[in-house]
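User: I have a model to go through with you. Can we start with the backbone and then do the ligand?
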Amino acid sequence: MKIGISCYPTYGGSGVVATELGKALAARGHEIHFITYALPYRLNGYYHNIFFHEVKVPEYPLFEYPPYALALATKMADIALNEKLDVIHSHYAIPHSLSAYLARDMIKDRHRLKIITTLHGTDITLVGADASFLRITRHSIDQSDAVTAVSDFLRQETLKTFKPKVPINVIYNFIKEIPRMDKDCMDIRKRLAPGGEPVLIHLSNFRPVKRISDIIHIADRVLKEIPIRLVMIGDGPERPLAERMVRRLGIRDNVSFLGKQDDVYCLLSMGDIFLMPSETESFGLAALEAMSCGLPVVTSNAGGLPELNVHGETGFHAEVGDIESMSRQVMQILRNPALKEKLSKQARQIAFERFHSDIIIPQYINLYESVLAEDH
Ligand code: GMT
């Protein structure tokens with residue numbers, strides 16, 4: 001198949017899923033065309049069967065708000081015609097599936113183009129539910145030939161918020177690499193925890209929904225009883241606040257802010273426990289990546305997190321904001337090596353048994369094929 005993929009290309013789970021999906025499809029012989037404003041950040045290097053088309057928005061004094069959605073639609077239409085795309089797979093409803101809908105409409109007399117929309121979460125739980133976007137998000141969903149959501153939670157939210165006319169299929173986020181813990185990762189660990197302290201890890205885009213201050217409070221509580229290190233990977237609006245909190249609490253020497261990083265698997269695999277106390281999380285890809293590296297995860301029970309973090313098997317979860325319970329859960333794991341070993345084994349096992357790309361990618365391929373077979 002010839003598949004166009006549109007996504008937010010910078011840091012963020014939806015872009016990671018879109019890029020890894022494109023790479024996995026290309027490796028299976030499909031031709032992939034990424035259509036977006038920047039090279040997706042995990043598309044670093046040459047990949048056979050993958051092409052990148054940059055969308056440029058013309059600058060013009062009249063355009064106070066550059067019309068990206070329209071430039072994207074035009075580019076999608078051009079690429080669909082020139083490359084004879086079968087499908088455009090839009091990750092995130094706004095604006096990607098709306099642009100795909102416009103592209104399909106523009107070329108409908110000359111070319112048959114199908115649209116798949118994958119909903120990732122914030123497009124539904126935050127952006128889509130905002131009154132100013134509700135109607136247009138619903139329209140983008142309804143105009144898609146097939147729609148997927150990354151968890152059952154998100155499927156339910158979509159049904160509740162938008163009452164769509166089309167069915168919503170659940171296709172989970174996935175992992176692929178066999179995580180490694182080589183000497184370089186061990187060296188990083190030695191530098192970050194020179195006294196051999198256990199390492200707690202968090203990875204996100206530091207937006208308010210991630211409840212970064214809960215993570216700092218958990219580390220602070222645990223530190224009163226166990227000498228640990230907290231490693232914060234990523235960057236975003238809450239980072240300055242988190243750094244201030246760390247200074248105020250006097251735990252600066254125990255916390256490292258690494259900023260944005262490329263080799264997240266190496267960094268995750270040198271940790272002991274992954275923390276994700278999010279306010280809302282449609283899936284929680286970073287937690288799944290940590291599980292695949294054998295880290296027990298301590299998370300909130302928000303959104304789709306319990307669909308991957310099975311309480312007592314892969315780690316623990318607690319109510320959003322329940323710092324007390326999450327701190328206790330972290331200490332319980334750190335004080336009990338046999339429990340830690342068991343959770344670590346199960347976390348990795350569940351990650352690979354339920355969410356491996358070999359299980360998830362065929363679900364996308366089946367969906368493309370069923371949509372393409374529809375008018376024949
Ligand atoms: O988590 C973020 O803030 C980024 C966001 C995105 O749209 O890129 O992630 C969402 O999509 C990921 C991939 O499907 C999910 O794993 C995340 O749970 C989801 N984030 C939220 O729902 C907050």
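User: Which helix is Pro95 found in?
Analyst: Pro95 is in helix H3, residues 93-106. Helices (H or I, at least four residues) and strands (E, at least two) are DSSP runs, numbered from the N terminus. This is a predicted model: local features need pLDDT of at least 70, side-chain atom pairs count only at pLDDT 80 or more, and totals for chains, interfaces and linings use all residues. Residues are numbered from 1 along each chain as its sequence is written, and side-chain values use heavy atoms, with hydrogens and water left out.

User: Is the peptide bond from Ile94 to Pro95 cis or trans?
Analyst: That bond is cis, with omega near 0 degrees.

User: And what about phi of Tyr92?
Analyst: Phi of Tyr92 is near 95 degrees, a positive value in a residue other than glycine. Tyr92 lies in the loop between strand E4 (87-91) and H3. Most residues other than glycine have a negative phi, and most peptide bonds are trans.

User: OK, ligand. Which polar side-chain atoms lie by its oxygen atoms?
Analyst: One of His120 lies 2.6 Å from a ligand oxygen, and one of Asn173 lies 2.9 Å from a ligand oxygen. A polar contact here is a pair of N or O atoms within 3.5 Å; within protein, one must be able to donate a hydrogen and the other to accept it, and residues adjacent in sequence count only if both atoms are side-chain atoms.

User: Why does the ligand lie between domain 1 and domain 2?
Analyst: Because domain 1 (2-174 + 356-373) and domain 2 (183-355) both give residues to the shell around the ligand. The domain bounds come from an automatic or database domain assignment.
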